[in-house]
Amino acid sequence: MRKLGVAVATAAVLVLVAEVVLGVLLFRGGIGAKIEPTPVEAAAARKLRSMAIPGAFRQLSNPVAPSKDVVGAGLAHFADHCAICHANDGSGQTQMGRNLYPRVPDLRLPATQGLGDGELFYIIENGVRLTGMPGFGDGSEESKRRSWHLVAFIRHLPQLSPEEKLEMERLNPKSPDEWREMQQDEEFLKDDETSARPKKGSPQKQSRHQ
C-alpha cells in the first residue's frame with residue numbers, strides 16, 4: 001500500500017512539473033501570438049495532430065486522379081479560400097499566416113508533403129483545433145470532392161509554375177478598389193494592343209528591293 005502511495009505521489013508530481021513546463025513554454029511571452037513557437041512546441045503540435053487523426057483516414061489514398069482539370073479545380077478553390085493564409089504558392093508568407101499561432105506551415109515542405117492523402121483530406125474537412133485552420137467540410141459529397149481536389153493541388157504546389165501563380169492572383173478575392181484597378185490595367189493593355197496593330201487600309205512600308 002505504501003509503495004502504491006509513493007507511486008501515485010510521484011506521478012502527481014511529474015504531472016505538475018509537466019504542466020508547469022508547458023505553461024512556461026506557452027505563456028513565456030504572455031498571451032500574444034507574435035512570439036515564435038519553440039521547436040519543442042512545433043514538434044509536439046505535429047505529433048498531437050497526427051495522433052488525433054483517426055487511423056482510417058491515414059490509410060486513404062486520393063480517389064480522384066490528379067488530372068490537369070482536377071489540379072486546376074483545386075488551384076481555383078485554393079486561390080479563393082486558402083491563399084489568404086497560405087499564400088498562392090503555399091509558403092504561408094502572408095500577413096495572416098505570419099501572425100497566427102502556431103504559424104501557418106509551408107505546404108511545400110516535407111512536414112506537409114509527407115502526410116498521407118487521407119490525413120490532408122481530414123485536416124481540410126475538419127480543421128485543426130487550437131490553430132487558425134478552420135474545417136471546411138459540411139459532410140456533403142460536393143464538399144468531399146472539393147477537398148480531394150485540394151489534396152491534389154497541395155501535392156502539385158512544389159511544381160507550381162509562374163503562369164499558375166498569375167492565374168491564382170486573378171482568382172484571389174479582391175476589394176472593390178482592387179477590382180477597379182485590375183479592370184483599368186486590363187483596359188490599358190487592350191488599348192496598347194489596339195494601337196499597336198496596323199489600321200485597315202493604311203499603306204504598308206515598301207520593301208527596299210521594290
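In this predicted model, Thr131 is partly exposed, with a relative accessible area of 31%. This residue belongs to the loop that joins α8 and α9.

- Along the sequence, Thr131 and Val104 are separated by 27 residues.
- In space, the C-alpha atoms of Thr131 and Val104 are 8.9 Å apart.

**The nonpolar core**
- The largest nonpolar core contains 22 residues.
- The residues with the most contacts inside this core are Phe78, Val151, Phe153, Leu160 and Met168.
- At least two residues of the core come from each of α4 (68–81), α8 (117–126) and α9 (141–156).
- Setting aside residues up to four places away in sequence, Phe78 touches Ala83, His86, Ala87, Asn88, Gly90, Leu107, Leu150, Phe153 and Met168.

**The pair α4 and α10**
- Helix α10 spans residues 162–171, and its axis comes within 8 Å of the axis of α4.
- The two axes cross at roughly 50°, and α4 and α10 are therefore oblique to each other.
- The crossing of α4 and α10 is right-handed.
- On the α4 side, the residues that meet α10 are Leu75, Ala76, Phe78, Ala79 and Asp80.
- Their partners in α10 are Glu164, Glu167, Met168 and Leu171.

**The cysteines**
- The structure holds zero disulfides.
- The cysteine sulfur closest to that of Cys82 belongs to Cys85, and the distance of 8.8 Å is too far for a bond, because a disulfide requires sulfur atoms within 2.5 Å.
- Cys85 is likewise in no disulfide, the sulfur of Cys82 being the nearest to its own.
- Cys82 has a relative accessible area of 10% and is buried.
- Cys85 also counts as buried, at 16% relative accessibility, because the limit for this class is under 20%.

**Thr94**
- Thr94 is placed in the loop between α5 (83–86) and α6 (95–99).
- With a relative accessible area of 12%, Thr94 is buried, whereas Thr131 is partly exposed.
- Apart from its neighbours within four places in sequence, Thr94 is in contact with Ala83, Ile84, Cys85, His86 and Ala87.
- Among these contacts of Thr94, Ala83, His86 and Ala87 are also touched by Phe78.

Methods:
Residues numbered from 1 in each chain as written. Predicted model: local features only at pLDDT ≥ 70, side-chain atom pairs only at ≥ 80, totals over all residues. Heavy atoms only, no water. Core = buried A, V, L, I, M, F, W, Y, C linked by side-chain atoms within 4.5 Å. Buried < 20%, exposed > 50% of the residue type's maximum accessible area, 1.4 Å probe, protein only. Helix = DSSP H or I, 4+ residues; strand = E, 2+ residues; numbered from the N terminus. Contact = heavy atoms within 4.5 Å. Axes fitted to C-alpha atoms, helices over the stretch in contact; angles between N-to-C directions. Parallel < 35°, antiparallel > 145°, perpendicular 65-115°, else oblique. Left-handed = near helix turned anticlockwise from the far one by under 90°.
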